[in-house]
Amino acid sequence: MGASQTRTEDIFQDLSDKTGFSLEQIRILHKRFRQLSGDEETISKENLENIQALDKNPIRNQIIEAFFDKRNQNDGEVGSSVEIGFEQFVKVMCHFKPPTLKMTTEDKEAMRREKLRFLFNMHDTDNDGTITLDEYRKVVEELLSKSGAIGLEAAKAIADAAMLEVASINVPHMEPDEFYEGITFEHFEQILKGLEMESRMNIRFLDVDTSTMHCGKSQ
Amino acid sequence: MNEKVFLHSLFSGYISLCSNTLTHMFVQAYTTCSTETLSSLSSLSLSISSHIMSLLGASQDTQGPTNVTHKKAFPVLIFNYAHVRTPFEISLWILLALLMKLGFHLIPRVSRVVPESCLLIVVGLLVGGFIKAIGEKAPALDDTLFFLYLLPPIILDAGYFLPIRPFTENVGTILVFAVVGTLWNAFFTGGVMYGVCQLEGGQLAGVDLLSCLLFGAIVSAVDPVAVLAVFEEIHINELLHILVFGESLLNDAVTVVLYHLFKEFSAVGTVTVVDGVLAVVCFFVVSLGGLMVGAIYGVLGAFTSRFTSHTRVIEPLFVFLYSYMAYLSAEVFHLSGIMSLIACGVTMRPYVEANVSHKSYTTIKYFLKMWSSVSETLIFIFLGVSTVAGPHAWNWTFVVVTVILCLVSRVMGVIGLTYIINKFRIVKLTKKDQFIVAYGGLRGAIAYSLGFLLPNHQMKTLFLTAIITVVFFTVFVQGMTIRPLVELLAVKKKKETRRSINEEIHTQFLDHLLTGIEGVCGHYGHHHWKDKLNRFNKTYVKRWLIAGDRSMEPQLISFYNKMEMRQAMLMVESGSSARLPGLISMQNIQPKVESRGRTLPKISKGREEEIRRILRANLQQTKQRLRSYSRHDLMGDPFEDMNENLSEMRFRKQRVEMERRMSHYLTVPANRQETPLVRRVRFESDGQDYTSKERSDIRACNIGPTSSFSDAISVLDESPPLRPNQMSQGGARRRAEHGTQATADDAEETGEPQTQLRRVSDPAVPEMMIKMTKDVKPVTTIKQNGADFTIEVKTPMRTNVNSFSLGKETEITAMDGRKFKCTVREENGKLVFETDKFTSVREIQGEDMVETVTAGSACLIRKSKRV
């Protein structure tokens, strides 16, 4: 028993080094992982679909897909896995880490790209490096899927307008017979320049470990 | 008596004359003027005539007694300044303030270095000095005037347009700064001040601890007016702006409580523990009570705006009145009026904006901005004036120590608090941020007014002088140096661009994503509760507070609608589609259209003919229909009510967009690279271009010195050649004729007589314009009759005819409807058009007519082929 205990600790330590999460955070995540998987080693899509908090989320499917998307594991593979283990789970969570004070500008830039890449992958379902109009329409449709009929009706128009905007920002002078294939990652970066992704796309819970919380409260 | 009768008749004659003229004007106004002018004119005429009537009445009254007792003659001119004195002086002050504001912006060099607030204070000092010099008593910044009239507009403006998202995201930090920070400042400043006073002795020995704390409370609060005035000008990033500004708004409750607390205590002289506890309770009552009062009025306001769809004119007033009532109601109970006002504005805004018409929305915006800017100007001017006016007790030690303490306590407070806050913040505050937050803690008129409100304490003048010094120090020294410092430290600035639809989509996407990830983590955090609140708002609140369908609209859709609306308006206003996102249209991103264009290249001649006929008929139809629209209608009608006309707007926009595409297909050759631009030059006899059976309608025609002068004008001029109503003509039924584009493209390829249009590079000519001119291929017909020429330029949208004689200055109408004065000469067979803006030369070179237009460094060469 003691041996397995240290083995998990080693794994945690290893993960912590890899991802930059603190041991405490890894432990919290592991607990949750166990809870979700029903004490199994891996998690399947059904496990995530059972989460109640996600029920009302319009982009639920995309969120769940993202966990199983191999592109988000950063090991060069593509496609979708059926099940993921704890390590993969943590690696996905890794995209929601906030920047720290010590980070240099370059680090922040890298973090930003990585977060944007995650979003891009969520949109680019067929992994061809561009978000085509159809894919973009799908995104907006999903986003408005909880708003009933008006939503679906407007989704197409909104996606079209958005696509038009991307095209006009990135390729300002297009010949009429030219065709804008879709949003590449560079263009994607360009259009979301205004959103400070590195400081927005993060989860508070991952940041506060209980030890500092304690110290904060006592003051 | 004779004299009197004469006078009377003169008077009545004058009256009737006046009223006649007025009636005349009235009638004329009715027929010619717009409604606004009309109403103002009629009210003016009414007021004038009533004034005259009252004069007449007065004169008749005086006639009675004059009959009996012999008195001096009837006064023709009466001087009664006292009667209008108050409003007159108020207007004069406001006028002065506005003129000063106007003046500063005329001198860009000064306004770039010195913030407006500083200049206004200086003006106030000068005016105060002047008033003193002529021996009058200068008006001080009265606390009633300040708190009841000058402050509310500024706070309402700030509250109504409070950027909700950054505010809620940072509300914790803001609260800590506002509450703990202000408390710390007050106690630290007050405490140390007391120590200094004890050490110094002399004049200061009489200052007791409670007075010192009272002073500390007054002087420690960051002032929203001063902060706004300075921060608006330096365009700092959203986070820092909301931190400093939010703090200045929320610290009001603390200041109010501390102020009343210490005022009370310093009168009594003792403090018990119970008092302390009560003070804490009081703080919660004051702040939460203020918020609640504001929220109630906000909900009431939103609810009222639900029913105003038939009386649009008074809509904006509801917003102002409910907010003002919220402020006053809070003040009745000595609750925090500022917090109440902000709560009211924030609560009301989303619902009111969904309910009111677009015009009302603009009115609200402008009125708020106008009032707040007038108030702000007046506050700073009055601050200057009162400085000159007020009694002063200058004590070097006291003043210098106050200034230093204010700085020190602020810096210590910010650094200490940030240390704690950073443990909880996801995005940490950097050293730079801390510096700006500390340095941006400006003090202002609220502190002065609170000091002014003090009971006639022995130390009141001493305090007031110190407060004024602190205010001046922060506004002048910090206010002036903060801009260079921001640049020196390279603090991130606010981005100026409007939010794009992609950003909005991703903001929403991100919200849902983060909520989802929180759900996966099993952690109910910030996003989870926000999501809950949004859902509650959507299911219950919106239904009650927003009228009609818009209550069901998700945020993204309403954002999209607003964006569409804005673009449509821009288009109508500028008279072109130049502001549409670039030149890219749906065909560039739509794979379907593109492929169809490629797959349907062959259509039988007969079918093509038919389509052309239909198209042509439709073009004419729309043209006729659209002619009945006046420009005024186009401007006025669609925006009368956003709710009703949104669909119409969209439709219209679509039509414009369609037309653009249409003109494309009709005129641009498909393989643009190989084929240069096409333009037909023909005689008026063959006007059957679109219906003619043969595509090759090249005819042997002789051409005079051909010219398409007027469209050349439109190239070089800023205004695009097409006006919206012309543009829309082509768009009709575009959709119905989906296949036509291919035909049209195809048709062009079959070999039209071609002309070449080449642009000799000029960066000044907008890309759009060039494109537009390229796309429109006018058919020019020139008739010569001796020295008289008639040039007719025909495009599918418009026909433009100009007649002129050689050597005479003539007015020429350009394609976009504008008129130019122009002289035409003939030089070696060339036609030379000369205006003050450009020169155009046309000459015949074999089969071509070459036209060279030069304007400054820009040059356009256009070749036309003979038809």
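User: Why is B:Lys369 called partly exposed?

Analyst: In this predicted model, B:Lys369 has a relative accessible area of 40%. Partly exposed covers the range between under 20% for buried and over 50% for exposed, so B:Lys369 is partly exposed.

User: And B:Asp157, is that buried or exposed, and how do you know?

Analyst: B:Asp157 has a relative accessibility of 9%. The cut-off for buried is under 20%, so B:Asp157 counts as buried.

User: What makes the contact of B:Lys369 and B:Asp157 a salt bridge?

Analyst: Their side chains meet at 3.3 Å, N to O. A salt bridge needs a Lys or Arg nitrogen within 4 Å of a carboxyl oxygen of Asp or Glu, so this pair qualifies as one. B:Lys369 sits in helix H15 of chain B and B:Asp157 in helix H6 (residues 143–160) of chain B, so the bridge ties together parts that are 212 residues apart in sequence.

User: What about B:Arg535 and B:Asp531, where do they lie?

Analyst: Both belong to helix H21 (residues 526–545) of chain B, and they are four residues apart, about one turn of the helix. In an α-helix there are 3.6 residues a turn, so residues three or four places apart point the same way. The side chains of B:Arg535 and B:Asp531 form a salt bridge at 3.0 Å, N to O. B:Arg535 is partly exposed at 27% relative accessibility, while B:Asp531 is buried at 16%. There is also a network, in which salt bridges that share partners join B:Arg165, B:Glu169, B:Asp511 and B:Lys530.

User: Which helix of chain A holds A:Glu142 and A:Lys138?

Analyst: That is helix H7 (residues 133–143) of chain A, with the two residues four apart, about one turn of the helix. A:Glu142 is buried, with a relative accessible area of 16%, whereas A:Lys138 is partly exposed at 47%.

User: How many salt bridges are there over all chains?

Analyst: Searching the whole structure gives 23.

User: On to the helices: how do you know that the span of H11 of chain B agrees with what it should be?

Analyst: Helix H11 (residues 238–268) of chain B has 31 residues, and at 1.5 Å a residue these should span 45 Å. The end C-alpha atoms are 45 Å apart, which agrees. H11(B) does have a kink of about 35°, centred on B:Asn251.

User: Why is H11(B) described as largely enclosed?

Analyst: Of its 31 residues, 23 are buried, so H11(B) is largely enclosed by the rest of the structure. After H11(B) comes B:Gly269, with a positive phi near 105°.

User: What is the reach of helix H8 of chain B, and what is expected?

Analyst: H8 (residues 171–200) of chain B has 30 residues and reaches 42 Å from its first C-alpha to its last, close to the expected 44 Å. H8(B) bends by about 30° at B:Gly181, and it is followed by B:Gly201, whose phi is positive, near 70°.

User: Which residues make the nonpolar surface patch?

Analyst: B:Trp184, B:Trp394, B:Trp396, B:Val400, B:Ile404, B:Leu407, B:Val408 and B:Met412 make a patch of about 760 Å². Helix H16 (residues 396–424) of chain B gives the most, with six residues.

User: Where does B:Ile420 lie, and how far is it from B:Thr173?

Analyst: B:Ile420 lies in helix H16 of chain B. B:Ile420 is 247 residues from B:Thr173 in sequence, yet their C-alpha atoms are 9.8 Å apart in space. At a relative accessible area of 29%, B:Ile420 is partly exposed.

User: What does chain B as a whole have in helices, strands and buried residues?

Analyst: Chain B has 31 helices and ten strands, and 51% of its 867 residues are buried. Among contacts with a separation of 6 or more, 74% come from residues 24 or more positions apart. The chain exposes about 40,900 Å², with carbon and sulfur atoms supplying 63% of it.

Key:
Residues numbered from 1 in each chain as written. Chains lettered and ligands numbered in written order. Predicted model: local features only at pLDDT ≥ 70, side-chain atom pairs only at ≥ 80, totals over all residues. Heavy atoms only, no water. Expected span 1.5 Å × (residues − 1). Bend = angle between axes of the 7 residues up to and from the residue. Buried < 20%, exposed > 50% of the residue type's maximum accessible area, 1.4 Å probe, protein only. Patch = residues over 30% accessible without salt bridge, like charges linked within 9 Å, V, L, I, M, F, W, Y side chains within 5 Å. Areas by Shrake-Rupley, 256 points an atom, 1.4 Å probe, with all protein chains shown as cover. Contact = heavy atoms within 4.5 Å.
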